[in-house]
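Dear colleague,

I am handing over the structure we spoke about, and below it I have set down what was found, so that you can follow the text with the model open beside you.

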Amino acid sequence: MEIIPGFLSWGIIITFIILAIFNPVSCAIIIIVFDFYWIIRTVYLTTLLVMAHNKLYRQKDINWLIKCRRVGVQAGLDRLKHLIIFPVYKEGLDILRPSLKSIQECNYPKEKVIVVVAFEERNPQARENALKLESEFKNKFFRYISTFHPDGVPGESRTKGANATWGAKKAKELLQSEGIKDEDVVVSCFDADTCVDKEYFGCLSYHFLTVPNPHQASYQPIPVYNNNIWQAPSFARLVEISSSFCQMIESMRLEKFVTFSSHSMSFKTLVDIDYWPVDMVSDDSVIYWKAFLFFKGAYRVLPLYITVSMDVAYSSNFFKTIRLQYKQKRRWAWGVENFPFLINGFLNEKQIPLAKKIRRSFHLLESHVTWAVWAVILVFIGPLPLILGGAFFNQMAIGYNLPKITGLLFNFTLLASLAWIILSRIILPPRPKSVSWLKNVIMILEWVMVPFIIIIVGSLPALDAQTHLLLGRYMEFNPTQKNKRVI
Amino acid sequence: MPNEQKIRAILFYLSVAVFFGGLPLILSSALGYKFNPHTFKFTKTGIISLKTQPQGAEVYLNGRLLNQKTPATINELLPGSYHLKLVLKKHYPWIAQVNVEPRKVARFEKIILFPNRPDIEQLNQNKISDFWMDKEGDRVYYLNQEEHILYRSDLQGERFEEIGNIPAEFSALPEDLKISPDKQKMLIFNAHQVCILYLKPQGTYSVQAPVILNFPGKQIDKVFWHSDSYHLVLATDNNIEVLDIESISNPVNLVNLNKKISDVFYDVDKNTLYFMDSQIAEDGTYYDNVYKLELGSEERLLRDLIKSKQNANK
């Protein structure tokens with residue numbers, strides 16, 4: 001199963017190259033079909049993005065706490081507690097403080113909030129940082145605890161999931177001692193740099209209290225990277241804006257929607273499914289599939305049109321930033337490990353309808369294979385028949401039309417980029433006074449880098465991750481270095 | 001189902017419809033097929049691609065003016081022969097009979113439309129009978145054979161000036177003209193004479209009387225300046241000689257040739273002569289070879305060479 005995604009991706013690329021050499025006409029036909037598909041897909045997805053954006057914009061001024069109170073005691077608002085877990089490895093106080101502060105400043109009663117900062121014991125700074133944060137935040141919430149995940153627990157890998165699970169288990173002990181039931185708790189697992197919108201917990205509570213079967217759902221906010229977006233270099237900023245947009249598009253495609261990065265779910269469900277995986281890198285998405293299998297397919301991800309803001313990952317210079325972004329995207333693409341996990345789960349699970357199994361497996365496989373090959377096909381494979389096809393191909397009508405159709409595709413992509421530029425301006429936080437107004441112009445002009453970016457952080461990291469999985473060279477969790485933010 | 005999911009579903013099915021509806025049209029068009037809505041059949045067609053220099057020519061296909069100018073692509077042409085005419089004001093038209101093959105493109109992408117009133121400009125301002133180009137020195141040299149006058153101008157014909165008189169003894173028309181590497185002298189030669197003219201760096205007339213060297217018993221093929229600008233290398237019909245123009249000494253014979261010299265090149269940077277000559281084998285067969293003769297970049301070496309040869313001749 002681990003071989004399939006990489007095998008398919010490489011198979012597609014190699015087949016294209018062989019066809020370009022030995023049968024350039026067939027290769028050109030497939031490229032034109034793909035180009036046309038991509039044009040329609042771009043229009044379709046951009047429309048979804050506009051719709052998601054519109055929904056986010058419409059909901060941004062809602063006072064969710066008032067809406068929760070309208071739902072009232074009957075729905076269980078008075079019993080509801082929020083457990084927030086921050087798995088931390090090397091992130092320092094400059095990263096953690098603003099995240100905790102954002103929770104403290106939420107429009108939600110703090111006596112309903114339990115915070116767990118889950119440190120890794122192998123980080124020598126952990127204890128010291130924990131003490132400092134405790135002195136600042138201990139009395140700000142209903143409960144605040146620091147946990148220290150020991151290194152080398154049998155059966156575990158050095159992953160974020162292992163640390164989050166350790167923290168969640170400690171929280172479970174705390175809840176039991178406080179007499180709080182698991183079903184009255186919503187757990188949010190946040191990256192260390194996650195700053196929530198002040199309405200986040202109101203919005204989450206409202207949805208949890210009002211949707212049918214709230215324990216059979218994960219709640220996914222829209223991740224944006226606004227913490228340091230004005231300070232980040234163009235390349236990193238564009239990549240992260242694109243990531244936000246992809247997540248917004250996904251939020252409109254509910255049948256494919258999977259948890260990503262910071263998200264929330266029922267604590268009861270988390271306990272029932274035995275917490276996050278402790279030996280897999282992509283804990284944020286695997287947790288969804290674990291729940292999906294546990295509930296025999298009756299589990300979904302509900303989009304919350306409210307933002308959680310994180311840091312743009314960048315480094316001291318351009319090339320280091322590319323490297324950093326590449327590694328981060330490769331880690332995301334390592335989510336391809338979900339495929340063998342899911343297939344094995346499906347094989348052992350008889351109650352999920354076959355059609356649903358096939359549909360979900362196909363969606364997962366297709367999304368990862370497309371991720372790995374689309375930019376390669378558009379940028380590298382597209383011109384291959386013209387280069388390798390020789391004089392014969394160049395005198396054929398299709399040889400003449402291929403570059404024109406490819407050019408049309410790029411024009412369409414440019415048009416879509418225009419929509420993306422406008423939308424990116426809307427989700428931007430206000431410009432800090434220390435940043436020149438010229439940055440506004442730069443932030444528009446920088447979109448010309450998109451073709452370059454789609455290769456660097458588009459296909460290549462995904463292809464890299466799938467090749468690792470194909471060869472059985474498993475990746476360890478490698479947290480992305482985040483820079484000190486400026487709010 | 002929420003509203004946006006309904007819209008999304010409509011959008012999705014619409015996209016699918018556009019994809020499957022548009023794909024056959026795009027593919028058939030890309031492959032060179034044209035759909036005939038009357039017969040509901042696809043017909044094989046060809047393409048003509050036109051690119052001209054300069055652009056913007058009107059395109060006439062079988063006498064009919066098309067609504068596009070070059071660069072142009074004429075699509076969906078039924079296979080066959082077409083009369084094509086490209087018309088651009090103030091340029092000669094380009095006319096061709098073009099054969100269009102099914103599913104192929106006839107490319108005419110290197111068409112040059114020449115101006116019908118070419119920009120011809122006369123450079124000389126006096127009567128002349130011959131000229132030479134010195135592109136490196138940005139000069140054109142002109143000869144008035146009747147009056148034995150040499151002129152020069154720059155490559156645009158400007159700064160046209162008389163630079164000297166050729167002595168009347170220099171009887172036949174010069175075969176070539178060469179400027180010395182120091183740009184202060186010029187030589188012209190014919191079959192039996194070499195004339196050295198001294199040039200002022202920026203003036204019009206010579207500072208020193210011309211010198212004529214006569215070679216009555218030989219036929220001069222080529223004359224080269226040595227890099228020192230004081231020696232000449234002569235390739236004649238039966239030997240290769242070198243002479244010092246300062247002392248007007250007797251030429252020194254460097255090489256006797258077995259046959260009339262055909263090709264000879266002189267690399268002035270390395271002062272090396274490359275020439276072709278024959279060699280007779282034991283069986284009496286002639287073999288042509290290319291030889292290299294180094295004349296040394298230092299003047300002293302050349303003087304030594306001349307001296308030793310002169311001593312040998314004595």
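In chain B, the loop that runs between β22 (264-267) and β23 (272-280) contains K270(B). Please keep in mind here and throughout that this is a predicted model. K270(B) counts as partly exposed because it has 13 C-beta neighbours inside 10 Å, whereas a residue needs 20 or more to be buried and 12 or fewer to be exposed. Between the C-alpha atoms of K270(B) and A30(B), which are 240 residues apart along the chain, the separation is 59 Å.

Turning to chain A as a whole, you will find 18 helices and eight strands in it. Its radius of gyration is 23 Å, close to the 23 Å that the globule rule gives for 487 residues, so chain A is as compact as a globular protein of that length. The C-alpha trace of chain A spans about 80 × 60 × 45 Å along its principal axes, and 46% of the 487 residues of the chain count as buried. Among the contacts in chain A with a separation of 6 or more, 85% are made by residues 24 or more positions apart.

If its neighbours within four places in sequence are left aside, V187(A) is in contact with L83(A), I85(A), A168(A), S264(A), M265(A), F267(A) and L270(A).

Helix α1 of chain A, which covers residues 3-22, has 20 residues and reaches 27 Å from its first C-alpha to its last, close to the 28 Å expected at 1.5 Å a residue. Within α1(A), the buried residues include I4(A), P5(A), F16(A) and L19(A).

Finally, there is the contact between the two chains, to which chain A brings 20 residues and chain B brings 22 residues. On the side of chain A that touches chain B, the elements giving two or more residues are α2 (24-59) and α16 (397-427), and α2(A) gives the most, with 11 residues. Sorted by class, that side of chain A has 16 nonpolar, three polar and one charged residues.

With best regards

Methods
Residues numbered from 1 in each chain as written. Chains lettered and ligands numbered in written order. Predicted model: local features only at pLDDT ≥ 70, side-chain atom pairs only at ≥ 80, totals over all residues. Helix = DSSP H or I, 4+ residues; strand = E, 2+ residues; numbered from the N terminus. Expected span 1.5 Å × (residues − 1). Contact = placed C-beta atoms within 7 Å. Nonpolar A, V, L, I, M, F, W, Y, C, P; charged D, E, K, R; others polar. Rg over C-alpha atoms; globule rule 2.2 N^0.38 Å.
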